[in-house]
Amino acid sequence: MKDALALEVKNLSVDFHTDGGVVNAVKGVDVSVREGAILGLVGESGSGKSVTSLAVLRLLGSPRAKITGGEILFRGENLLDKTEKQMCAIRGPHIGLVSQNALSALDPSFTIGAQLVEVIRLHQGVDKAMARAKALEALDLVALPDSKRRMKAYPHELSGGQRQRVVIAIALSCRPELLLADEPTTALDATVQKQILDLLLDINAELGTSILLVTHDFGVVAHVCTDVTVMRRGEVLESGSVERVLTRPQHPYTQGLMRAVPHLRLDEATRSVPRADRRLFEFRTEDKEAVDVA
Amino acid sequence: MTRVIGSRLFSTALVLFGVSLVVFLLLQLVPGDPAVTILGSGATAGAVAELRSELGLDRALPIQFFDYLGGLLRGDLGRSLTVNAPVTDIMVPRFVNTMILTGAALLLCIVVAVPLGVIAAHKQYSLFDRMSMVISMAGASVPVYWFGLLLIGVFAITLGWLPTSGMYDPRFPGGVGDLLAHLVLPAIAAALVPLAVIARMTRSVMIDILAQDYIRTLRASGLSTSSVLWRHALRNALPPIVNITGLQVGYLLGGVVFVEVVFGWPGLGQQLYTSITQRDIPVVQAGVLFIALAFVIINLVADMAVGLLDPRTRRAVGV
Amino acid sequence: MSALTEAVGTGRSLIGTRRTPAGGNALSQADAPKPAWRLAVRAFSRDRMAVVSLVVLVVVALAAIFAPLLTSYSPVAGDPVNRLAGVGTDGHFLGLDGQGRDIWTRLLYGGRNSLLVAVIPVLVVFPLALMIGLFAGFRRSRAGEVTMRVLDVLFAFPLVLLAIALSAVLGAGLGNVMLAIGVTLVPYMARVAYTATVQESSKDYVEAARAYGANPLLLMFRELMPNVVVQLLVYATTLCGLMIVVASGLSFLGVGVIPPTPDWGIMTADGKNVLLEGIYHVATIPGLLILVVSLAFSLVGDGVRDALDPRKQTS
């Protein structure tokens, strides 16, 4: 039985034109998010995972980034065929984005209430009072304490965790079916990270929002995701449910990544090595070269 | 908030004190005796000495300075050496004329340069961007007086569309239309260089801002490109733009001498020029002082505006 | 010099080098870092506009220096019969001015004065401003702060205005103009040197050296000064471009070079009167040259700044 797909990316390719030549950031990638699921898109820096998620919303930013092939199917339509105006109607009400860098993701010159109200009024056509009420609802949804007072606050007056909640609130304010979360916890403290991840779990459970979660951290994947796709250097290496991939990884790279997670307790063998010569971990690529990182 | 304004006003007052001191000292360097200038070179030594005493020129320098300062605060800037009138009477109407010209030029600058910079930043690397930036670079290197002459030559002499000089038509003076017709060319000439600088600066600031993370959040929320650009990005770019505009007013005020001389605009600059040639010290002093004063005050306003525009400083002072 | 100091000086990380027993130094066996200026020259040479501008400046300078070789006319004596002959006249390809003097000749000889007045004050003030900026910015002494405050007062005057006032006070003449401009430039260049020094002082390598106990004066001159000099140099180049315009402006107003000495500003002033009769070339040509040279200076300044930007250098 095939589950319904909230998002299906097929054979996507993205090129960056730099001064040094063309970089194939994403090469023929397939990514699928089942409805109601949380998909983890995992890989190291430079694997193309962020580019893939931004490509879905056609938000690649630089004019030098070009989508050179593939399809992005959402609600039965190919997003790559849409005009900018049509995409503006999709961003917000149907697909939301939570970007990394919570600290700088909000416009510093406007209060968070103003930013929420602007988005709500744009997509839902309600008057100011109604929009403000909905904004408060969104802030309550993300469990931002003292929401009424916070509406009048500027981003620089909030902590990192609070700012990230606001970003999530803005992304959810129009109840999208799909949420793209691009490393939402990377810039935050460890305790706050867990809170934000739990928040994402709650949103998925209560609202049924499908989530595409981009991360480099397998711990996050284990905690939150139902499915996982592993990327490396612009290609998808492995895909499947979290249980399967984490316990029985099939691709050697995935296997290497699993072993690369540092363990807090040193085993007997490592402890016997003198401190100056210890290595935190050894990572073997499929070329069987040992790469030391001091 | 009042504390911040208070301390700014205090440091501004200090600067103004320094400015009047510099102006005073500057003109002590002028060779020649003012008394001789008034009486003419054929005057007797006795008459010269008497006039010197009358003008207070025989007193010690610091005392002369404080006399001068006292006069300033009373609004008394002395009497012109060439025209038998108080300096204030000569200068104030001319100051107003210069402000009209400067104001028009500033308005022109802002209205053209800022949108130009915004659009160039938005379409970075495009033909529009590259061309407008090349033109800006060239524009910033143009000598004001030469450009003014060129404008007169083309638009007033050859094409005959606009008047060649002056502020009003000498035959039928008065009226806003007449003023505007005479204002067009001098304002364009004065505005060129600051416009180029502000446009480049705006573009540079906007490029930095458009690379910020929050721009991505705004676009991801479905806001239209123009809304993101003009309502959000520009708003964040305003503090440095206002700052640089304030500084460019300095360039405007400096160049006003050239523009007024070339276009025969009856303002401070033209008066300054004439007085320098005639060695009319009190008038020169007053002219330099007025312009410096205007510059200091405008920059003060610009700084305050920047403080108000940035929410971080606004909150810090409790607004 | 120990490995630590050398690493601090070159900015390279010590992680990854093995410490050899006393006497040896692993770093000296590694590749010596390429001198930054060689990379800068290469980066500069790739910037077409900057290179073209540099060529233009060199050509103009050479033409001015070798003026007598390029023209046989006199820059001051004219042929009144043919006054105001236009561009392309036989024997005078740029025409004659109101007093019948060959414009091309006056441009060449005038170039000497215009370039001198633009460049010399900048060159002379450079070391002075550097010292002021370094001492005020690095040591943060009372004297330094006071000096900067005093210079701030001079900032209240628009640059051009101050130059005009000083020039008027000192009287016309090449030397006086250079002095007037030089004095006007001091606060601007000192401010740039000061800001650069303050910025560099807060960088990690300075903190490291201070923690290491390095002699402050030595630190200032060996580590800080080269970086500050570079920033000041970029500013100075652009400033030369601005000064060409300002200096010619002073001549235009009659408080610069004394006629009949040729100078591009005076030439434009000469052209002003005949412009009203519809004759363009006398006023237009020198102004155009000022524009070109000023632009060239700016582009070279930008090119130098970009070439020294470490992000743009590739090896």
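The model used here is predicted.

**Exercise 1. Two packed helices**

Work out how α3(A) and α4(A) are oriented to each other, and describe their contact.

*Solution.* 
- Step 1. Find the helices. In chain A, α3 covers residues 112–124 and α4 covers residues 128–141.
- Step 2. Take the geometry. The two pack at an angle of about 115°, and their axes are 9 Å apart.
- Step 3. Apply the cut-off. Roughly perpendicular runs from 65 to 115 degrees. Therefore α3(A) and α4(A) are roughly perpendicular to each other.
- Step 4. The crossing of α3(A) and α4(A) is right-handed.
- Step 5. List the residues. From α3(A) come Gly113(A), Leu116(A), Val117(A), Ile120(A) and Arg121(A). They meet Lys128(A), Ala131(A), Arg132(A), Lys134(A), Ala135(A) and Ala138(A) of α4(A).
- Step 6. Sort them. The contact of α3(A) with α4(A) has six nonpolar residues, one polar and four charged.

**Exercise 2. An open sheet**

*Solution.* 
- Step 1. Write down the order. The open sheet reads β2-β1-β4-β5 in chain A, and its pairing is antiparallel.
- Step 2. Look at the ends. β2 (21–34) and β5 (77–78) of chain A each have a single partner strand, so one side of each lacks a neighbour in the sheet.
- Step 3. Zoom in on one pair. β4 of chain A (residues 65–74) pairs with β5(A) in the antiparallel sense, over two bridges. Leu73(A) stands opposite Asn78(A) of β5(A).
- Step 4. α1 of chain A (residues 49–56) lies across β1 (5–18), β2 and β4. The angle of this helix to β1(A) is about 115°.

**Exercise 3. Chain A as a whole**

Summarise chain A by its elements, its burial and its contacts.

*Solution.* 
- Step 1. Count elements. Chain A has eleven helices and twelve strands.
- Step 2. Check burial. Of its 294 residues, 42% are buried.
- Step 3. Check contact range. Among contacts in chain A with a separation of 6 or more, 66% join residues 24 or more positions apart.

**Exercise 4. Where two chains touch**

Describe the side of chain B that touches chain C.

*Solution.* 
- Step 1. Count residues. 36 residues of chain B are in contact with 33 residues of chain C.
- Step 2. Name the elements. Those of chain B giving two or more residues to this side are α1 (2–28), α6 (127–140), α7 (144–158), α10 (225–263), α11 (268–278) and α12 (281–309).
- Step 3. Sort the residues. The chain B side divides into 29 nonpolar, seven polar and no charged.

Methods. Residues are numbered from 1 along each chain as its sequence is written. Chains are lettered from A and ligands numbered from 1 in the order in which they are written. This is a predicted model: local features need pLDDT of at least 70, side-chain atom pairs count only at pLDDT 80 or more; totals for chains, interfaces and linings use all residues. Two strands pair if DSSP finds at least two bridges between them. Helices (H or I, at least four residues) and strands (E, at least two) are DSSP runs, numbered from the N terminus. Two residues are in contact if their C-beta atoms, placed from the backbone, lie within 7 Å. Axes are lines fitted to C-alpha atoms, for helices over the stretch in contact, and angles run from 0 to 180 degrees between N-to-C directions. Angles under 35 degrees count as roughly parallel, over 145 as roughly antiparallel, 65 to 115 as roughly perpendicular and the rest as oblique. A crossing is left-handed if the near helix is turned anticlockwise from the far one by less than a right angle, and right-handed if clockwise. Ala, Val, Leu, Ile, Met, Phe, Trp, Tyr, Cys and Pro count as nonpolar, Asp, Glu, Lys and Arg as charged, and the others, Gly among them, as polar. A residue is buried if 20 or more other C-beta atoms lie within 10 Å of its own, exposed if 12 or fewer, and partly exposed in between; C-beta atoms are placed from the backbone.
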